[in-house]
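Subject: Structure handover

Hello,

Please find the structure below. My notes on it follow.

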Amino acid sequence: MRQTFKKGERLHSKKFIENLFSEGQSFYLYPFKIFYLNSESRQNYPAQILISVSKRSFRKATERNKVKRLVRETYRMNKEKLYNRREESKGQLLIGLIYTAKTIMTYAEIERKIILILQRLIEQDEQAAG
RNA sequence: CAGCCAGGCCGUUCUAUCGCUAUUUAUUCCGGUGUUUGCCGGCAUGAAUAGAGGAAAGUCGGGACAACGCAGAGCGCCAUACUUCCUAACAGGAAGGUUCCGCAUGAUGCGGAAACAGCAAGUGCCGCAGAAAAUAACCGCCUAUGUCGUAGCUUUUGUUGAGGCAAGCCAGCCUUCGCUAAAGCUACGGCAGGCAAGGGUGAAAACGCAGGGUAAGAGCCUACGUCUUGCUGUGGUGACACAGCAAGGGGGUAAACCUUAUGGGUUGCAAGACCAAAUAUCCCGGCGAUUAAGGGCUGCUCGUCCGAUGCCGGUGGGUAGGUUGCUGGAAUUGCACAGUGAUGUGCAAUCCAGAUAAAUGAUAGAAGCCUGAUAAUUAUCAGGAACAGAAUCCCGCUUACAGGCCUGGCUGACUC
RNA sequence: GGUCCAGUAGCUCAGUUGGAUAGAGCAACAGCCUUCUAAGCUGUCGGUCCCAGGUUCGAGUCCUGGCUGGAUCA
């Protein structure tokens, strides 16, 4: 599977974002707070993701960009298992990742955390299905 | 060669793998349309090309562009403030003037700073201290002038109060005498008045200093100095400089109100235009219904336009997708010419980000750079790489910044 | 992205037209009262007036630049 990250894989609809934060479930896995919601309307990709870094944590735009790029890159490299799991289901999974740490973590650290998060999302999905 | 100051410039590069955005192009599939090989739109995949800054930042000036009706007048408000020039414009820049500061010096030179129009148009303010903080007068100085009082002196008038001369009486005469009145002079004091030299304060004290002058004094007068305004001459486009003449008399504060001159209509790409979607002319309160309420993005007034299925406020509901504006421009690079310079002109070449929960990246390695250590002029090891991310565009300013390069000046050391 | 506003004691706020020890309430601390606590009374402490520069004799106040926080516009 290709490790792409197109625009269709990014969550950008204002309506869906409001639904995600008002109706979605959430859990916390340092340094991220994760929101997720199984939407019924299926589009081209099995999941859409939103990455948020607060202006309170990082005042400078360069630092926020740096963190978002690292998170996006690790998600792109490791999303394959989640996609495989969601392949059969009709709905679309909306994911919101909020970075809450005050310092910039390294690529390896973020990658480890993202893998854990994706595993947990898969488990949650299996529970919902079963 | 090193250090300091000023100005200008640059502000990492390459390879591999995996990605993102835009444009062009090819193919498959889907949708719409059409009588076929067509046209339009979308998803995916492949290829090519391009893809953050000197400040992209702060949003402090100024414009382009757009809307406000095709915006008109007055007041208000705001901004600017030595001169000339540059620029589309500016609170920007260049060159110069003036004042102040620093360094060196025999004149003078070099460098830096300046919200640099007007308190000498009016008004206001200047705590405490101090006599006084602005048409002065508390202490003090003066008594020229006016007036009153006291004392003394002189002159004159009157008086027999005292004394004397003379004498029989009436009268008379005399005085370093007294008294009375007037005038004058002198001294002292009071009042009116004159003066601002001196007075320990204060951030600041009513031009400085010398002589004259006066009752005492004072720019009151004069010379010199300093300053302001006006005029003339010379030089300069001009600010201004130099010289002369005349008048003047001066506390500070305009980043106090203000005056003078000049400029500014207001709001901003979330401006604005178009397409699609969505519904509720629900309900409550207020105003008005033709002499009109109210509104039209301007602080007020006037003017002007719209205005009856009307307007304003509240509550509640729906939609919040896309296209355009949007990047070819006061553009970039090179050369030549003009100008002290900012800058301008001409020619040639080039097209150089357009994202939208917001792309321009991640990982690994190498090169070069900086710092430290070890051996000694080159290697090895370890660490580091600043400030910072386009959002309509442009010109400036300001602020942040590792390291490096160039030019000029000054200082020091060494060599010749 | 545009526009606008604010910053004073630990907290919430005053502070006039520049003028000298920057005030008030709550809080904190100490004492009185009470068997003790609360309440009450008395007193004390506590300030880089967001930062830097300028104007002025003098700046919380005026001007310029910066920092931080907030509001608002489809």
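Helix H2 has 18 residues and reaches 26 Å from its first C-alpha to its last, close to the 26 Å expected at 1.5 Å a residue (1.5 Å times one less than the number of residues; helices are DSSP runs of H or I of at least four residues and strands runs of E of at least two, numbered from the N terminus). The model is predicted: local features need pLDDT of at least 70 and side-chain atom pairs pLDDT 80 or more, while totals for chains, interfaces and linings use all residues. Residues are numbered from 1 along each chain as its sequence is written, chains are lettered from A and ligands numbered from 1 in the order written, and side-chain values use heavy atoms, without hydrogens or water.

The buried residues of H2 are Arg64, Val67, Leu70, Val71, Thr74, Tyr75 and Asn78 (buried: under 20% relative accessible area, 1.4 Å probe, protein chains only). Down the axis of H2 they fall within an arc of 130 degrees, so they line one face of the helix (the arc is taken from the directions from the axis to the C-beta atoms). Their cover includes strands E2, E3 and E4 and helices H3 and H4 (contact: heavy atoms within 4.5 Å).

H2 also gives the most to the surface near RNA strand B, with 10 residues (near: a heavy atom within 4 Å).

Of the RNA strand B atoms within 4 Å of the protein, 73% belong to sugar or phosphate and the rest to bases.

Regards

Notes. Buried means under 20% relative accessible area, exposed over 50%, partly exposed in between (1.4 Å probe, protein chains only).
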